[in-house]
Amino acid sequence: FPVTIALKVRRAYPMATFNIITNGSLLDRHKVDWLYRMNFNVGISHDGPLHAQNRGLDPLDDLTMRDGIIFALKKLGPNRVGFNSVLTKENVSLVAVKQFISKKLNGAIPDDHIIVNTEELLLPYDASGLTHSISNSDEAKEAIHSVFWETITGANYFSNTVTQKVS
């Protein structure tokens with residue numbers, strides 16, 4: 001069904017930009033080849049060191065899933081695939097997220113091809129989200145300081161969302 005819709009939209013709007021967000025767990029060579037042919041951009045949701053705690057299974061811990069993600073990164077390249085991270089009070093460093101992902105990829109992808117963007121700070125919609133949300137001024141200062149420091153020192157140069165906001 002989604003394949004049919006994508007094909008129809010592509011025929012009707014050949015210059016359209018297609019984007020898909022995934023946790024990467026179902027990416028395989030067949031799907032990635034199709035995403036490549038259809039000219040999709042892919043965002044892989046991953047919160048770095050706190051991913052498993054906050055979201056469950058880390059696809060980078062499963063060999064088959066990790067291979068699919070690595071294939072996507074290689075086939076689509078850094079301009080068409082990257083990681084999206086939600087910042088929480090426990091997870092305010094995009095640099096730490098990138099380092100964590102890079103370590104999990106174990107050298108299969110060059111560091112300068114690992115793009116980590118942020119979906120901003122967690123906006124809670126349930127009790128679990130509230131426990132990870134910034135809830136006081138000290139936590140807010142720490143988050144702002146971390147992102148700001150990484151930005152002014154150039155440490156998070158790899159994040160398109162930060163670069164776009166500062167440019």
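Here is a short tour of this structure, stop by stop, with something to select each time.

Before you click, note that this is a predicted model, where local features need pLDDT of at least 70, side-chain atom pairs count only at pLDDT 80 or more, and totals for chains, interfaces and linings use all residues. Residues are numbered from 1 along each chain as its sequence is written, and side-chain values use heavy atoms, with hydrogens and water left out.

**Stop 1: the core**

Select Phe83, Ile101, Leu105 and Val116. In the largest nonpolar core, which has 30 residues, these four touch the most other members. A nonpolar core here is a set of buried Ala, Val, Leu, Ile, Met, Phe, Trp, Tyr and Cys residues joined through side-chain atoms within 4.5 Å. Buried means under 20% relative accessible area, exposed means over 50%, and partly exposed is in between (1.4 Å probe, protein chains only).

Now colour α2 (29-37), β2 (40-45), α4 (63-76), β3 (81-87) and α5 (94-105), the elements that give two or more residues to this core. Which element gives the largest share of this core? That is α4, with six residues. Helices (H or I, at least four residues) and strands (E, at least two) are DSSP runs, numbered from the N terminus.

Zoom in on Ile101. Leaving aside neighbours within four places in sequence, Ile101 is in contact with His46, Leu60, Phe83, Ile114 and Val116. Contact means heavy atoms within 4.5 Å.

**Stop 2: strand β2**

Select β2 next: five of its six residues are buried. Strand β1 (residues 18-22) runs parallel to β2, and the two pair over five bridges. Strands pair if DSSP finds at least two bridges between them.

Is Ser45 buried or exposed? Ser45 counts as buried because its relative accessibility is 8%. Not counting residues up to four places away in sequence, Ser45 touches Ile21, Thr22, Asn23, His51, Arg55, Asn84 and Glu119.

**Stop 3: charged pairs**

Side chains of opposite charge can pair when their charged atoms come close. A salt bridge here is a side-chain nitrogen of Lys or Arg within 4 Å of a carboxyl oxygen of Asp or Glu, and the count comes to six.

Show Asp47 and Arg55, whose closest N and O atoms are 2.7 Å apart in a salt bridge. Asp47 is buried at 3% relative accessibility, while Arg55 is partly exposed at 39%.

Move on to Asp28 and Lys31, which meet in a salt bridge at 2.9 Å, N to O. Asp28 is partly exposed at 29%, and Lys31 is partly exposed at 37%.

Then try Lys89 and Glu139, joined by a salt bridge at 3.7 Å, N to O. This pair links distant parts of the chain, 50 residues apart: Lys89 is in the loop between β3 and α5, and Glu139 is in helix α7. Finally, select Asp58, Asp61 and Lys104 together to see a network of salt bridges.

**Stop 4: out on the surface**

Select Ile144, Phe148, Trp149 and Ile152. They form a nonpolar patch on the surface, with about 480 Å² of accessible area together. Areas come from the Shrake-Rupley method with a 1.4 Å probe, and for residues only the protein chains shown count as cover. Such patches use residues with over 30% relative accessible area and no salt bridge; like charges are joined within 9 Å, nonpolar side chains (Val, Leu, Ile, Met, Phe, Trp, Tyr) within 5 Å. Phe148 belongs to helix α7 (residues 137-152).

Asn79 is exposed, at 75% relative accessible area. Draw a line from Asn79 to Phe148: they are 24 Å apart in space, C-alpha to C-alpha, and 69 residues apart in sequence.
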